[in-house]
Amino acid sequence: MKTLAEMAVEVLNTADGRGKTALGRRYAAEWFASRAAGQPLEIGSATPPDRPARPALPELLAPRDMPRRRTGTLAGRLALLHAVAHIELNAVDLHWDIIARFTHIPMPPGFYDDWVKAADEECKHFNLLCDCLEAHGSHYGALPAHAGMWQAAADTRDDFLGRLAVVPMVLEARGLDVTPQMLEVFRKAGDEGAAAALEVIYAEEVGHVAYGSKWFNFMCGRTNEDPKDVFHALVRRYFHGQLKPPFNEEKRAEAGLPPDFYWPLADEAGQL
Ligand SMILES: [Fe+2]
Ligand SMILES: [Fe+2]
């Protein structure tokens, strides 16, 4: 029987997008079946790769070299769906990576339940977006994609709390801020398929941010530190972008992310 950490590393080392998500979904089902049977898979330990395996395409470009397209055209909307598919594939790897990388830190089984569920949902999100692209005669890999998405993972490879702060509580929370406008774009264009996929993503991403804040608070409780102060210090240290309003305050609150976590960081970015 494979351990959960070994399964996670296997997903990380699978290059093909659809292949990666198929394996991820299968292993997630195995984890939950083992939990339901009262015989959970061992967490074990395994060494995740520095960079997850990825397909030969899309070509990865620096953000400044990415072509800009308007969302008023089908080509522009396909570029947007392609960019989101790329984010989702990165999220698949990010979640399997956090499962495999920090097994030396003892965590309750509920932590792994949450992260396997999040990883499984990212697999679903990537597949949904690939379906949308394919319905329009395109596919993941047809356009260039953003290089450097693994940077947040690389920067926090030795810092579990840093990873929780930057990935679910900054990057995935940012997703909650921008998804409503994206939904509008596809609704206006009458692309019901894409709008339905984005609805699923929007609803499930609230959960991912919530898992982040739940386990971040749990870890701060272990050391009796103020989670807000720890969050501020870690984001300043590891996050090189800007926290920019407007924030989706309602969804952030639903995910357990209060304004005094993110507003002070946005204010100080505005003063620089
Ligand atoms: Fe997602
Ligand atoms: Fe997510």
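Predicted model: local features only at pLDDT ≥ 70, side-chain atom pairs only at ≥ 80, totals over all residues.
**The whole chain**

Start with the whole chain selected and only its C-alpha atoms shown. They fill a box of roughly 50 × 50 × 30 Å along the principal axes. Of the 272 residues, 42% count as buried. Now turn to the contacts between residues with a separation of 6 or more: 79% of them join residues 24 or more positions apart.

**The largest nonpolar core**

Next, select Ala8, Ile99, Leu129 and Ala165. These residues belong to the largest nonpolar core, which has 75 residues, and they touch the most other members of it. Which helix gives the most to this core? Select residues 74-101: this is helix α3, which contributes 14 residues. In soluble globular proteins, nonpolar side chains tend to be buried together.

**Helix α1**

Select residues 4-12, which form helix α1. Is this helix mostly covered or mostly uncovered? It is mostly covered, with 7 of its 9 residues buried. Colour the buried ones: Leu4, Ala5, Met7, Ala8, Val9, Val11 and Leu12. They pack against three helices, namely α2 (17-36), α3 and α4 (109-135).

An α-helix has 3.6 residues a turn, so residues three or four places apart point the same way. Setting aside neighbours within four places in sequence, Ala8 is in contact with Pro48, Trp96, Ile99 and Ala100.

**Where α1 meets α3**

Show α1 and α3 together and hide the rest. Their axes come within 8 Å and cross at roughly 145°. The crossing is left-handed. On the α1 side, select Leu4, Ala5, Ala8, Val9, Val11 and Leu12; on the α3 side, the residues they meet are Asp93, Trp96, Asp97, Ile99 and Ala100. Of the residues in this contact, 9 are nonpolar, none is polar and 2 are charged.

**Cys220**

Move on to helix α7 (residues 192-223) and select Cys220 within it. Why does Cys220 count as partly exposed? A residue needs 20 or more C-beta neighbours within 10 Å to be buried, and 12 or fewer to be exposed. Cys220 has 18 such neighbours inside 10 Å, so it counts as partly exposed. Apart from neighbours within four places in sequence, Cys220 is in contact with Glu225, Pro227 and Val230. Cys220 and Leu161 are 59 residues apart in sequence and 8.7 Å apart in space.

**His232**

The last stop is helix α8 (residues 227-238), where His232 has its place. His232 is partly exposed because it has 18 C-beta neighbours inside 10 Å. Which residues does His232 contact, leaving aside its neighbours within four places in sequence? Select Pro264 and Leu265, the contacts of His232. Along the chain, His232 and Leu265 are 33 residues apart, and their C-alpha atoms are separated by 7.0 Å.

Terms used:
Residues numbered from 1 in each chain as written. Chains lettered and ligands numbered in written order. Contact = placed C-beta atoms within 7 Å. Core = buried A, V, L, I, M, F, W, Y, C linked by C-beta atoms within 7 Å. Helix = DSSP H or I, 4+ residues; strand = E, 2+ residues; numbered from the N terminus. Axes fitted to C-alpha atoms, helices over the stretch in contact; angles between N-to-C directions. Left-handed = near helix turned anticlockwise from the far one by under 90°. Nonpolar A, V, L, I, M, F, W, Y, C, P; charged D, E, K, R; others polar.
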